[in-house]
Amino acid sequence: MTTDQLSVDLPIDSSVNRAQSHPLRRQTREPAWGKTYRKVLIASDFLAVTTAVLISMVLMTPNGETLVGASGVGLPYTAVAATLGVVWLLALSAGGSRNPWITGAGVEEYMRVIKVSLYVFGGIAIASYILKAQFARSLFIALLPIGLLLLLFGRWLARGWINSSRAHGKNLTSCAVVGPAEQVQRVVGDLKRHTDAGFQPLGVCLVDSEDEPTIVQGIPSYTASQLLGTAASTTFDAVIATEGLPDNYLRKLAWNLEGSSTSLVVTPRVMDIVGPRAHYTDAPGVSLIHVDIPTFSGWKYAVKRAFDIVGSVIALLLLSPIFLVTAILIKREDGGPVIFRQQRVGQNGEPFTIHKFRSMSVNAESKIQKLIDDAGGHALFFKLDHDPRMTKIGATLRKYSIDELPQFWTVLKGHMSVVGPRPQMAREVAEYTPAYKRRLLTKPGITGLWQICGRSDLSPEEGMRLDLRYVENWSPITDTIIVAKTVTTILKPSNGAY
């Protein structure tokens, strides 16, 4: 289907007239679950800030600290802290930290909470200088850090609740996916697997085979006219446009949704590569996206190495009882070695030795090639759901990722990182395309995007896409979130843990 044909199918005039006849009508509506979740966040934020104010009062009030203004009038710390708490809560709302489109997944929600909090206290510091008022230092050494930690913890708990309900088909934004058949298949599959994104695909529109009634992964298809009519009748909260949709079609789709309460969401595949390194410039007559070239050295990598050292030392100390019990159980089962050592390919293609608790029979390596051949001969991301080489205790170790724990020793030695692409063997690296080789630009990790997004249930292409996305766009904040999500994934080991 050509772009001209596509434009004919879109009843633009009726949409424009609808928008003009309702000039004050909201362009988009909050999804059905949004109001409830917003109330949860308001309650969570109120509890966090109130608790922080009370704790700071207990810690600092005995010192008799006050706020002294230019007129020499002193205000009690309790009054100042309580007032600041109210301002803080209002700023969190005004700063869009409870916007339903950023809550439940990603780092934007946390970033907004942090930015708003710093802006509030930064504004207080500036105001105190201008007004020649002396703020109690307690506001900055007690209230800010305590409140910020409690706010983030509350948001994390709320996110856990919303994502748990989404896994059971609740609190999802109904949507239709529009685009070429191949891209629609991919997006629908991604949305079904990653319910934390918050979308439930209920309809599709295949622009390259619109005249052929089709069902995509159990979801009915619509023509463009049918879709817009259905969207206008509020069946869908959002329409998702995939990569490959002609620009003219996307523009007309946006025009047709004007005046309706349906949101338009775009999924550009390029964001897998550029991610947060993209910066938008809108000059008169031209729109540009600037992409920072990724670097693989500098202060961020120094922070990452420091995180690896501290994290691996703490993990080795705290997990030592588990190490002891696991070693005894492995030894008792078949008398073989406790630690499994294997050559893997690390950063820049350098080989290194990985350490894991042995979860398979002693002669497991001698059987691997036959299993690969029987499975089709592809070594990349090769893994069996029910591997016949697995020992009884090994199955439990794999299920809860206990077999991975000795890798903290490998991290401490500097060959691996806590977070990074999955470490692979030479036979797997031999199947890399030139693009895949970019995953060797960083150290492999104990955990990564692949582990929190499906683990071994992912196809090789999906796993590699996630690894490349991490390599191109990682940050210390991203690593922290991946580690936190890894803990919850291990506690729910039903998906891909084998």
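**Contacts, a helix and its salt bridges**

In the protein chain, 73% of the contacts with a separation of 6 or more are between residues 24 or more positions apart, a contact meaning heavy atoms within 4.5 Å. This is a predicted model, in which local features need pLDDT of at least 70 and side-chain atom pairs count only at pLDDT 80 or more, while totals for chains, interfaces and linings use all residues. Residues are numbered from 1 along each chain as its sequence is written, and side-chain values use heavy atoms, with hydrogens and water left out.

The secondary structure of the chain comes to 19 helices and 14 strands; these are DSSP runs numbered from the N terminus, helices being H or I with at least four residues and strands being E with at least two. Of the 498 residues, 44% count as buried. Buried means under 20% relative accessible area, exposed over 50%, and partly exposed in between, with a 1.4 Å probe and protein chains only. The accessible surface comes to about 25,200 Å², and 63% of that belongs to carbon and sulfur atoms. Accessible areas come from the Shrake-Rupley method with a 1.4 Å probe, and for residues only the protein chains shown count as cover.

Helix H5 covers residues 108-130. Its 23 residues should span 33 Å at 1.5 Å a residue, and the end C-alpha atoms are 32 Å apart, which agrees; the expected span is 1.5 Å times one less than the number of residues. Buried residues in H5 include Glu-109, Tyr-110, Val-113 and Phe-121. Just after the helix, Lys-132 takes a positive phi of about 55°.

Side chains of opposite charge can pair when their charged atoms come close. The whole structure holds 16 salt bridges, each defined as a side-chain nitrogen of Lys or Arg within 4 Å of a carboxyl oxygen of Asp or Glu. In one of them, Glu-109 pairs with Arg-155, with the closest N and O atoms 2.9 Å apart. Glu-109 lies in H5 and Arg-155 in helix H6, so the pair ties together parts that are 46 residues apart in sequence. Both Glu-109 and Arg-155 are buried. They also belong to a network of salt bridges that links Asp-45, Arg-98, Glu-109, Arg-155 and Arg-159.

A second salt bridge joins Asp-190 and Arg-193, at 2.6 Å from N to O. These two residues are 3 apart in helix H7 (residues 181-193), so about one helical turn separates them. Asp-190 counts as buried at 13% relative accessibility, whereas Arg-193 is partly exposed at 40%.

Asp-403 forms a salt bridge with Lys-356, the closest N and O atoms being 3.7 Å apart. This pair links distant parts of the chain, with Asp-403 in the loop between H14 and H15 and Lys-356 in strand E12 (residues 351-357), 47 residues apart. Asp-403 is buried with a relative accessible area of 1%, and Lys-356 is buried at 13%.

The loop between H14 (392-399) and H15 (407-413) also holds Ser-401, whose phi is positive, near 60°, in a residue other than glycine. Ser-401 is buried, with a relative accessible area of 6%. Most residues other than glycine have a negative phi. Asn-171 has a positive phi too, of about 55°; Asn-171 sits in the loop between H6 (138-167) and E3 and is partly exposed at 22%. Strand E3 (residues 173-179) contains Ser-174, which is buried at 10%. Beyond its neighbours within four places in sequence, Ser-174 contacts Gln-200, Leu-202, Thr-235, Phe-236, Asp-237 and Ala-238.
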